[in-house]
Amino acid sequence: MTSRPELQAPPEIFYNDDEARKYSSSSRIIDIQAKLTERALELLALPEDDVPRLLLDIGCGSGLSGETLTENGHHWIGLDISGSMLNVALEREAEGDLILGDMGQGLGVRPGVIDGAISISAVQWLCNADRSSHEPRLRLKAFFGSLYRCLARGARAVLQVYPENLAQRELILGSAMRAGFSGGVVVDFPHSTKMRKEFLVLTCGQASLSSATPQARGEDGEGCSDDEDSSGDEENQSVSVSDRHRPKKKHKLNKKVKGREWVMEKKEKMRRKGNVVPADSKYTARKRKTRF
């Protein structure tokens with residue numbers, strides 16, 4: 001079994017001309033991308049009014065997921081760090097506008113203009129430090145911060161990810177919550193090794209009843225209830241969402257009060273050094289009242 005692509009090389013190097021063409025010509029990859037994008041659109045829960053929306057495809061690659069967005073009648077903007085992938089997208093005459101950029105440095109899209117965002121198998125790349133200047137937490141902060149700003153209020157972002165472990169999942173989700181998003185992780189087919197898919201479903205702004213995190217799919221394709229998921233181990237459970245506002249730190253009440261003896265000793269040391277020190281009196285080191 002081959003190792004994960006993000007562990008072999010940075011994305012702009014791994015997806016060179018040969019790998020980009022190989023990836024884009026694989027019927028298996030094309031089918032998987034189409035199914036994942038359809039599921040992401042379903043989780044976006046866009047209004048069913050036949051009005052085209054402007055969507056953002058993060059890590060668009062050669063435009064495979066963009067084709068599904070176009071088939072569903074939407075306009076889209078694609079961003080990817082691999083120039084080779086975007087060249088293939090141009091050869092395939094992708095209908096979306098393409099941007100060459102690193103999502104870890106921010107998306108560079110105007111605030112509030114995007115009606116929804118999707119990402120298929122891309123965000124977990126930010127958890128790797130491919131260069132000495134890369135800090136995963138800072139790159140995730142820049143990504144989610146810019147994503148939050150470019151989305152219209154109440155819009156959703158659905159990010160399909162392959163976290164390497166539980167720590168990566170918590171790092172990604174925590175970064176999203178700190179940026180202001182509400183939502184959580186939807187795990188389709190949680191008890192299947194091959195079919196298991198994780199989607200980070202985020203809402204721009206405070207969550208409402210209409211923007212509650214949707215149900216995951218089970219083995220039979222139906223919704224998977226919380227009771228069914230709770231029987232699995234920790235690795236197979238959906239990640240619950242906690243309030244992003246942390247409680248304030250409690251101030252320590254047991255501060256050590258410096259008394260008269262300490263003050264007198266301090267003044268004596270200053271006198272020995274030749275400093276001018278006020279004369280001692282009955283008021284020296286006396287505690288002031290709280291009112292004046």
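Strands S1 and S4 run parallel and are joined by 4 bridges. They belong to an open, mixed sheet of 7 strands. The model is predicted. Its protein chain holds 9 helices and 9 strands. Of the 292 residues in the chain, 43% are buried. Among contacts in the chain with a separation of 6 or more, 66% link residues 24 or more positions apart.

**Sheet layout**

- The strand order is S3-S2-S1-S4-S5-S7-S6, and the pairing is mixed.
- Strand S3 (97-100) and strand S6 (181-188) are the edge strands; each has a single partner strand, so one side of each lacks a neighbour in the sheet.
- On average, neighbouring strands of this sheet are turned by 15° against each other, direction ignored.

**Parallel pairings**

- S1 (residues 54-58) pairs with S2 (residues 75-80) in the parallel sense, over 5 bridges.
- Within S2, Gly78 is the residue opposite Asp57.
- Between S1 and S4 the 4 bridges are again parallel, and Ile58 faces Ser119 of S4.
- S4 and S5 are parallel too, with 6 bridges.
- Ala117 stands opposite Ala157, which lies in S5.

**Antiparallel pairings**

- S5 meets S7 in the antiparallel sense over 6 bridges.
- Leu159 has Leu200 of S7 as its bridge partner.
- S6 and S7 are also antiparallel, and 8 bridges connect them.
- Ser182 sits opposite Thr203 of S7.

**Buried strands**

- In S4, 6 of the 7 residues are buried, so the strand is largely enclosed by the rest of the structure.
- S7 is mostly covered, with 8 of its 8 residues buried.
- In a regular strand, side chains alternate between the two faces of the sheet.
- S7 is covered on both faces.
- One side of S7 carries Lys197, Phe199, Val201 and Thr203, all buried.

- Ser84, Met85, Leu86, Val88 and Ala89 are the buried residues of H5.
- These buried residues pack against helix H2 (17-25), S2 and S3.
- Glu93 follows H5 and has a positive phi, near 55°.
- Helix H6 (residues 136-150) lies across S1, strand S4 (114-120), strand S5 (151-161), S6 and strand S7 (197-204).
- H6 runs at about 140° to S5.

**Helix H3 against helix H4**

- The axes of H3 (residues 27-44) and H4 (residues 64-71) come within 8 Å and cross at roughly 50°.
- The two helices are therefore oblique to each other.
- The crossing of H3 past H4 is right-handed.
- From H3, the contact uses Ile29, Ile30, Gln33, Ala34, Thr37, Glu38 and Leu41.
- From H4, the contact uses Leu64, Ser65, Thr68 and Leu69.
- By class, this contact has 6 nonpolar, 4 polar and 1 charged residues.

Technical notes: Residues numbered from 1 in each chain as written. Predicted model: local features only at pLDDT ≥ 70, side-chain atom pairs only at ≥ 80, totals over all residues. Heavy atoms only, no water. Pairing = 2+ DSSP bridges. Axes fitted to C-alpha atoms, helices over the stretch in contact; angles between N-to-C directions. Contact = heavy atoms within 4.5 Å. Parallel < 35°, antiparallel > 145°, perpendicular 65-115°, else oblique. Left-handed = near helix turned anticlockwise from the far one by under 90°. Nonpolar A, V, L, I, M, F, W, Y, C, P; charged D, E, K, R; others polar. Buried < 20%, exposed > 50% of the residue type's maximum accessible area, 1.4 Å probe, protein only.
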